[in-house]
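Okay everyone, thanks for coming. I've got one structure to walk you through today, so let me put it on the screen.

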Amino acid sequence: MTQNREPIGPPPRRPANGVQNLLKANRGPATDSPQSTAAPVPLPSTSATKQVTYYMPESSRTRARAAYNATRGQEEDASWSEFVTRAVMNEVYRRERLYNEGEPFPGGTRNLAPGRTLGP
């Protein structure tokens with residue numbers, strides 16, 4: 001006694017051949033954005049990650065999130081974490097070039113001092 005019943009649940013997905021499903025690799029660079037003088041910094045290829053907690057002014061956070069949301073497709077950011085990592089690493093590479101002849105600074109495994117610094 002089988003009956004022909006309609007399946008319960010959401011309808012089947014549409015085929016993945018629409019404009020909204022273009023691969024990021026097939027997209028060209030944005031033409032209306034200003035060109036950066038520095039080349040994008042590749043992310044380290046380590047798989048070990050660690051959670052980081054920091055404080056940031058609300059206005060800076062809002063501005064950063066807006067920039068991430070507006071450009072993550074063009075920049076091919078996989079996540080907010082990748083965006084923040086790339087921003088921090090760009091500053092790290094800049095400081096290494098400026099102050100340490102492009103070499104990594106020693107002492108990266110030491111814990112940072114808690115609280116605010118007393119001087120510049």
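**Pocket first, then the helices**

Let's start with the lining of the largest pocket: its residues split into 16 nonpolar, 10 polar and 6 charged. Before I go on, keep in mind that this is a predicted model.

The lining has 32 residues, and the ones closest to the pocket centre are Lys 50, Val 52, Val 88, Met 89 and Val 92. If you want to find the spot on the screen, centre your view on those five names.

Okay, zooming out. What does the secondary structure look like, in helices and strands? The chain has 2 helices and 0 strands. As for burial, of the 120 residues in the chain, 8% are buried.

Now the helix pair. H1 covers residues 58-75 and H2 covers residues 80-99. They pack with their axes 11 Å apart, at an angle of about 100 degrees. Angles from 65 to 115 degrees count as roughly perpendicular, and that's why H1 and H2 get described as roughly perpendicular to each other.

Which residues make that contact? On the H1 side you've got Ala 64, Arg 65, Tyr 68 and Glu 75, and on the H2 side Trp 80, Phe 83 and Arg 86. Sort them by class and the contact of H1 with H2 has 4 nonpolar and 3 charged residues, with no polar ones.

One is Glu 76, which sits in the loop between H1 and H2. Glu 76 isn't a glycine, yet it has a positive phi of about 60 degrees. Is Glu 76 partly exposed or buried? Its relative accessible area is 44%, so Glu 76 is partly exposed.

The other one is Glu 101, over in the segment after H2. Here too we have a positive phi, about 55 degrees, on a residue that is not a glycine. With a relative accessibility of 76%, Glu 101 counts as exposed, because the cut-off for exposed is over 50%.

To recap the helix part: H1 and H2 pack at about 100 degrees, and Glu 76 lies in the loop between them. That's my tour, over to you for questions.

Conventions
Residues numbered from 1 in each chain as written. Predicted model: local features only at pLDDT ≥ 70, side-chain atom pairs only at ≥ 80, totals over all residues. Heavy atoms only, no water. Axes fitted to C-alpha atoms, helices over the stretch in contact; angles between N-to-C directions. Helix = DSSP H or I, 4+ residues; strand = E, 2+ residues; numbered from the N terminus. Parallel < 35°, antiparallel > 145°, perpendicular 65-115°, else oblique. Contact = heavy atoms within 4.5 Å. Nonpolar A, V, L, I, M, F, W, Y, C, P; charged D, E, K, R; others polar. 1 Å grid on protein atoms, 1.4 Å probe; cavity = no way out; pocket = protein on both sides within 12 Å on 5 of 7 lines; lining within 4 Å. Buried < 20%, exposed > 50% of the residue type's maximum accessible area, 1.4 Å probe, protein only.
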